[in-house]
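Colleague: I am new to this one. Could you take me through it, question by question?

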Amino acid sequence: MRAWLLHRQIGLEGMSLGELPDPTPGEGEVLLGVRLAALNPADRYLAEGQYPGKPPLPHVLGRDGIGTVLATGPGVSGVSAGDRRIILRGETGVTRPGTLAEKVVVPAASLVASPEGWTDEQAAGATLVYLTAWQAITQWPELPTTATVLVSGASGGVGVAAVQLAHAMGHRVIALSRSEQKSRVLREQGADFTVDPSGAGWAESVRSFLGRDRVDLFIDNIGGRAFNDGLGLLGMNGRVSCVGRLAGPVPDFNTASLFFRRLRIGGVAVGTYSNAEARDAWSALLAAMAKTGARPLVDSVWPFERLMDAFGRLASGPLGKVLVRVGG
């Protein structure tokens, strides 16, 4: 079978399109013929050696995807050859081969049916980003029932999911995006207010919108200089969910900024979900999205052979998910 092979963890340039023997499912496993695979920033981080996962090389990246069950191993029930399934969460693409291949073996427990009414493109890249956004919102049980949520990097995969989910859960949403066109879409997806964080005085614009209110939860997908500005918008007992660091380290961070408003910062990592927790979270977030009819946004779909171009699109700041078409 064809597969994109990571030979060295020196970045995406350490990958090449090659051949691997067809895998065989073992106990409790399923062989999936991959139709569509989704790209995530974490794939690039792993390729660069920045991610904790240290898989045997050559390695196949790809954590998300949808495909057709081709065969099942011993002890598998509830799924049969010919079924269409998506990968919920697990070690696929991290410590075991991923979806940037024509076939992948996945534990049966890591597969779920595509949500009713969703296209294959919508479902293929949804699980990782929506579970991440769900954890970012729900890891603070003391969050007000109707909270004000600030989302940086709101046009990315997790950002869009966070805007949609927070809106569906009844929260007021402020989305940060550098593009007016993307901001219009984010407002359609549930953002109550959008602002360009590259503009001077953007934080003051948010304060003007809020009036006497303050932000309860800051979902930070970016890091970098804007982190401190976002922190300054939080009210008493404000919370920060740290998801990504595309803009790099936070400069001049002063821990004293946490003291007097009793602010708390927490990291987000869906890898800490057990399989049961991931399934419960997936069911809960789908129920929330059903209230508003929200669907994942797909930016673009690329041929399998143009994977490097697809990663280039991901790096350029797409609106929604970037997918690769692997098979039919």
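Colleague: Is Asp120 buried, partly exposed or exposed?

Modeller: This is a predicted model, where local features need pLDDT of at least 70, side-chain atom pairs count only at pLDDT 80 or more, and totals for chains, interfaces and linings use all residues. Residues are numbered from 1 along each chain as its sequence is written, and side-chain values use heavy atoms, with hydrogens and water left out. Buried means under 20% relative accessible area, exposed over 50%, and partly exposed in between (1.4 Å probe, protein chains only). Asp120 has a relative accessible area of 17%, so the residue is buried.

Colleague: Which residue meets the side chain of Asp120 in a salt bridge?

Modeller: A salt bridge puts a side-chain nitrogen of Lys or Arg within 4 Å of a carboxyl oxygen of Asp or Glu. Here the N to O distance is 3.4 Å. The partner of Asp120 is Arg84.

Colleague: Why does that pair tie together separate parts of the chain?

Modeller: Helices (H or I, at least four residues) and strands (E, at least two) are DSSP runs, numbered from the N terminus. Asp120 lies in helix α2 and Arg84 in strand β5, so the parts tied together are 36 residues apart in sequence.

Colleague: What kind of aromatic pair do Trp118 and Trp282 make?

Modeller: The whole structure has five aromatic pairs. Rings of Phe, Tyr and Trp (its six-membered ring) pair if their centres lie within 6.5 Å; planes under 30 degrees apart count as stacked, over 60 as edge-to-face and the rest as tilted. For Trp118 and Trp282 the centres are 6.3 Å apart and the planes stand at 80°, so the pair is edge-to-face.

Colleague: Which parts of the chain does this pair link?

Modeller: Trp118 and Trp282 are 164 residues apart. Trp118 is buried at 11% relative accessibility, and Trp282 is buried at 5%. The pair links the loop between β7 and α2 with helix α8.

Colleague: What is the angle between the planes of Phe193 and Phe209?

Modeller: Phe193 and Phe209 form a stacked pair. Their centres are 4.5 Å apart. The angle is 10°.

Colleague: Within what arc do the buried residues of α9 fall?

Modeller: In helix α9, Leu307, Ala310, Phe311 and Leu314 are buried. The arc is that of the directions from the helix axis to the C-beta atoms. The buried residues line one face of the helix, because they fall within an arc of 100°.

Colleague: What do the buried residues of α9 pack against?

Modeller: Contact means heavy atoms within 4.5 Å. The buried residues of α9 pack against β1, β2, α1, β14 and β15.

Colleague: Which residue caps the N-terminal end of α5?

Modeller: A side-chain oxygen lies 3.3 Å from the backbone nitrogen of Gln181. The capping residue is Ser179.

Colleague: Which backbone oxygen does the side chain of Asn221 reach?

Modeller: Asn221 is found in the loop between β11 and α7. Asn221 is buried, with a relative accessible area of 9%. Its side chain reaches, at 2.7 Å, the backbone oxygen of Ser152.

Note on methods. Polar contact = N/O pair within 3.5 Å; in protein donor to acceptor, adjacent residues only side chain to side chain.
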